[in-house]
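Student: I would like a close look at a single part of this model, followed by an account of how its surroundings are built. Please define the terms as they come up.

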Amino acid sequence: MTRMNFRTSMILLMVLFAFAQGARAQAISYIIPDIGTPGLNTYVEVIGPHDLVGNFGADGFYPNNVGDALRLECANAADSAKLIIGPLVVSWNGRMISAQIFIHPDLRPNSDNWQAVSAEFIIPLQVRYNGVTQNAATFYIVRPQPAINTAADGDLGSGGIWGLRSRNGAMIVDSLDLRGSSYGVSSADCDPGTPGNQGFLPVTIISKGPVRTGSTTIVNVDANGKHGGPGGGGGGGNFCAFTGNGSDGGDGFTGGGRGGRNRAGNPFGSDEFRNPGSGSGAFVA
């Protein structure tokens, strides 16, 4: 009887473990780019938590057909008439899904700004893995922003004639004609309501029409001192011994580690940390 109870308990534990694995799977951290426009396909990457290996299953190709073990799908079935999601490729040890999203050409979104589109063009996407879903990521169907056509230097995505980046840092424009000498990309927070600075997410710029530059035009996402550009990590702060206070970490896609002062051996001193850099996600101590 004791042996049977032990065996039953082990089976129950295995079932519960398997359920827990399935229940924790398919968590979505963010999707980039998170916007698309009618008549164009958009290559997207669905990113899972960095510390959940196997979050989306094993690396490989998945057809994404109804009934498959792994699906990237519209959380609301009615939205399936607005877009089609192609086959999936899982990589990064099960933490990233790559797919193409095809937007129906007859749709007429009311705005080129993700914050102003009507509810019908705000599409929650979810991953279904072995029949279980978790959180959804939002995909926006927008009109292309007006053409950016200028000989002046400036930062793309910084507003006005330079357009705006989406919630997760992407842009779709009618066309791009940059005839100045130097252009950057704004790292201003695209979504202040989300922890961290989403302006440091990698930038994706999609142009429906031609892209032209001058023969000496440079478009860069270079670091600004210890602060990274979009998609780049911040530098670490420095430590000082005996004198000085050290420095904060640099801002970036991942915030740089904090510096400070280390007064080991100084009986009149004290150790102290500065602040970590701001990243594209919430700071975890």
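Student: Which residue lies over the face of Trp-92, and at what distance from the ring centre?

Tutor: Arg-95 lies over the face of Trp-92, at 4.3 Å from the ring centre; a charge sits over a ring if NZ of Lys or CZ of Arg is within 6 Å of the ring centre and within 35 degrees of the ring normal. This is a predicted model, in which local features need pLDDT of at least 70 and side-chain atom pairs count only at pLDDT 80 or more, while totals for chains, interfaces and linings use all residues. Residues are numbered from 1 along each chain as its sequence is written, and side-chain values use heavy atoms, with hydrogens and water left out.

Trp-92 is placed in the loop between strand 7 and strand 8, where strands (E, at least two residues) and helices (H or I, at least four) are DSSP runs numbered from the N terminus. Although Trp-92 is not a glycine, it has a positive phi of about 55°. With a relative accessible area of 40%, Trp-92 is partly exposed; buried means under 20%, exposed over 50%, and partly exposed in between, with a 1.4 Å probe and protein chains only. A positive phi of about 55° is also found at Asn-130, again not a glycine, in the loop between strand 9 and strand 10 (132–133). Asn-130 counts as exposed, at 53% relative accessibility.

Leaving aside neighbours within four places in sequence, Leu-83 is in contact (heavy atoms within 4.5 Å) with Cys-74, Ile-101, Phe-102, Ile-103, Ile-123, Phe-139 and Ile-141. Cys-74 is itself buried, with a relative accessible area of 9%, and Cys-190 is buried too, at 12% relative accessibility. The structure holds zero disulfides, a disulfide being a pair of cysteine sulfur atoms within 2.5 Å.

Leu-156 is found in strand 13 (residues 154–156) and is buried, at 2% relative accessibility. From Leu-156 to Ile-205 the separation is 49 residues in sequence and 9.3 Å in space, C-alpha to C-alpha.

Three aromatic pairs are found in the whole structure; rings of Phe, Tyr and Trp (its six-membered ring) pair if their centres lie within 6.5 Å, and planes under 30 degrees apart count as stacked, over 60 as edge-to-face and the rest as tilted. One of them joins Trp-114 and Tyr-140, whose ring centres are 5.4 Å apart and whose planes are at 65°, so the pair is edge-to-face. This pair links distant parts of the chain, with Trp-114 in the loop between strand 8 and strand 9, and Tyr-140 in strand 11, 26 residues apart. Trp-114 is buried, with a relative accessible area of 12%, and Tyr-140 is buried at 6% relative accessibility.

Another edge-to-face pair is formed by Phe-239 and Phe-273, with ring centres 5.8 Å apart and planes at 85°. Because Phe-239 lies in strand 20 (residues 239–241) and Phe-273 in strand 22 (residues 272–273), the pair ties together parts that are 34 residues apart in sequence. Phe-239 is partly exposed, with a relative accessible area of 44%, whereas Phe-273 counts as exposed at 52% relative accessibility. Phe-273 also has a charged group over its ring, for the charged end of Arg-258 sits 4.7 Å from the ring centre.
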